[in-house]
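Subject: Structure handover

Hello,

Please find the structure we talked about below. My notes on it follow, grouped by topic.

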Amino acid sequence: MSLLPSFELIRAASLAEVAAARRLHADCRLLAGGTDLIANLRHGLGGPAALVDITGLPGMQEIAAEPAGIRIGAGVTLSRLADDPLIRRHFPALAEAAATVAGPTHRASATLGGNLCLDTRCVFYNQSDWWRQSNDFCLKYRGTVCHVAPTGNRCHAAYSGDTAPVLLVLGAQAELGDADGTRRIALNELFREDGAAHLALGAEEMLLSVRLPIEPRLAAGYEKARLRGAIDFPLAGVAVSLRRRDGALDGLRIALTGTNSRPLLLSGCEALIGGPCDAEALRQISKLVQKQVSPMRTTIVPAHYRRRVAAALACRLAARLFSSPATA
Ligand SMILES: Cc1cc2nc3c(=O)[nH]c(=O)nc-3n(C[C@H](O)[C@H](O)[C@H](O)COP(=O)(O)OP(=O)(O)OC[C@H]3O[C@@H](n4cnc5c(N)ncnc54)[C@H](O)[C@@H]3O)c2cc1C
Ligand code: SF4
């Protein structure tokens with residue numbers, strides 16, 4: 001890694017101050033825990049004149065019970081998310097997913113917002129500046145050709161955040177804001193399938209919070225495959241939520257990370273509602289996953305392995321949750 005480039009650090013206390021900083025420095029970047037952004041800047045992936053620290057904005061650090069569920073500020077750290085009694089009681093899968101991110105020292109400052117807005121990853125991108133320069137850079141940053149799919153015209157870098165799939169299967173909404181106000185969208189709408197521009201945020205928008213509805217009898221879980229068990233991004237990560245009624249599936253959502261340029265909420269699961277989660281249903285889940293994921297050569301592990309692992313994790317998790325007492 002290289003030395004960190006010089007920049008001005010602006011601590012914003014309101015959305016108006018964020019907007020003012022953005023107007024002053026067109027290339028400025030939002031800084032939360034910095035565990036991803038700072039490492040990328042040290043790799044020469046950008047050289048902004050200013051970083052805007054957003055962790056002091058009102059409400060960013062709160063976890064609050066609301067009539068319809070729970071609001072989690074985007075600045076809540078992952079270590080707090082993993083330990084918070086409210087989260088552990090209502091959304092244990094989210095606490096589990098947060099606890100699988102990076103290592104304990106990262107999680108102490110890494111935030112939920114930073115995890116959701118994490119840059120996409122690729123073996124040709126997450127490298128030092130001289131390494132990328134010797135490869136003529138690439139389409140995502142400073143180059144013209146994608147080394148993963150040279151005949152294509154888009155970046156296939158993989159989204160690898162661990163908390164997004166769990167939030168998707170729990171039906172999360174995202175609260176976005178800028179100096180003009182706030183709006184809510186389904187979390188799924190925050191993402192798009194483009195490794196070079198995977199967030200559907202407005203030019204001056206940022207993520208303020210995530211809202212989760214409390215759904216009775218919904219069991220959820222998260223599993224990830226990674227190279228190093230102690231600390232690593234997911235090669236493939238799968239979240240499942242389901243409900244059981246009279247021995248049949250009464251709700252099923254599956255979402256994945258690490259396989260596409262966005263976290264992927266699987267479609268077609270509704271066809272399995274009303275039937276048991278038996279061998280045939282698991283075969284259908286495996287087919288749905290293998291058909292919809294599109295891992296590319298963006299990690300040192302082959303794409304076909306990640307496809308098969310994603311399907312195996314989804315089936316294993318669905319079978320485990322279906323037989324769990326929490327779903328009955
Ligand atoms: C060794 C190592 C291992 C890691 N392993 C994992 C892993 O296993 N799983 C995983 O998911 N991640 C992993 N990470 C990445 C990172 O640590 C986490 O994803 C972390 O949650 C990022 O949060 P942060 O607050 O530090 O984000 P930052 O680094 O501050 O920001 C990340 C990006 O999000 C943007 N951003 C931050 N907050 C907002 C907001 N509220 N609105 C809009 N944009 C925002 C920033 O501008 C930046 O582009 C790892 C990192 C390292 C260095
Ligand atoms: S997928 Fe292609 S364009 Fe995207 S980071 Fe990798 S090599 Fe670059």
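Which residue in β10 does E223 stand opposite? The residue is V238. Before the rest, please note that this is a predicted model.

Strand β10 itself spans residues 236-245 and is mostly covered, with 9 of its 10 residues buried.

The hairpin of β10 and β11 has 2 residues between the strands. One residue in that loop is D246, and its phi is positive, near 50°, although D246 is not a glycine. For context, most residues other than glycine have a negative phi. D246 counts as exposed because its relative accessibility is 80%, and the cut-off for exposed is over 50%.

D136 sits in the loop between α8 (129-134) and α9 (163-169). With a relative accessibility of 61%, D136 counts as exposed.

**Strands β1, β2 and β3**

The pairing here is parallel. Strand β1, residues 8-11, pairs with β3 over 4 bridges in the parallel sense, and I10 has V52 as its bridge partner in β3. Strand β2, residues 29-31, is also parallel to β3, with 3 bridges; in this pair R29 stands opposite L51.

**Ligand 2**

The space that ligand 2 takes up is the largest cavity. Which residues surround ligand 2? The shell consists of C122, F124, Y125, C138, L139, K140, C146, H147, V148, C155, H156 and A157. By class, these residues divide into 9 nonpolar, 2 polar and 1 charged. One of the cysteines in the shell, C138, is buried, with a relative accessible area of 9%.

**Cysteines**

How many disulfides does the rule count? The count comes to 0. In general terms, a disulfide is a covalent bond between the sulfur atoms of two cysteines. The cut-off applied is a pair of cysteine sulfur atoms within 2.5 Å. C269 is a case in point: the closest cysteine sulfur, in C277, is 10 Å from the sulfur of C269, so the pair is too far apart for a bond. C269 is also buried, with a relative accessible area of 2%.

**Two further positions**

W130 is in helix α8. Is W130 buried or exposed? W130 is exposed, because its relative accessible area is 62% and the cut-off is over 50%. W130 and D36 are 94 residues apart along the chain, and their C-alpha atoms are separated by 19 Å.

N260 lies in the loop between β11 and β12 (264-265). N260 is buried despite its place in a loop: the relative accessible area is 4%, and buried means under 20%. From N260 to A281 the C-alpha to C-alpha distance is 24 Å, for 21 residues of sequence.

Regards

Definitions and conventions:
Residues numbered from 1 in each chain as written. Chains lettered and ligands numbered in written order. Predicted model: local features only at pLDDT ≥ 70, side-chain atom pairs only at ≥ 80, totals over all residues. Heavy atoms only, no water. Near = heavy atom within 4 Å. 1 Å grid on protein atoms, 1.4 Å probe; cavity = no way out; pocket = protein on both sides within 12 Å on 5 of 7 lines; lining within 4 Å. Sits in = over half its atoms within 2 Å of the grid points. Nonpolar A, V, L, I, M, F, W, Y, C, P; charged D, E, K, R; others polar. Buried < 20%, exposed > 50% of the residue type's maximum accessible area, 1.4 Å probe, protein only. Pairing = 2+ DSSP bridges.
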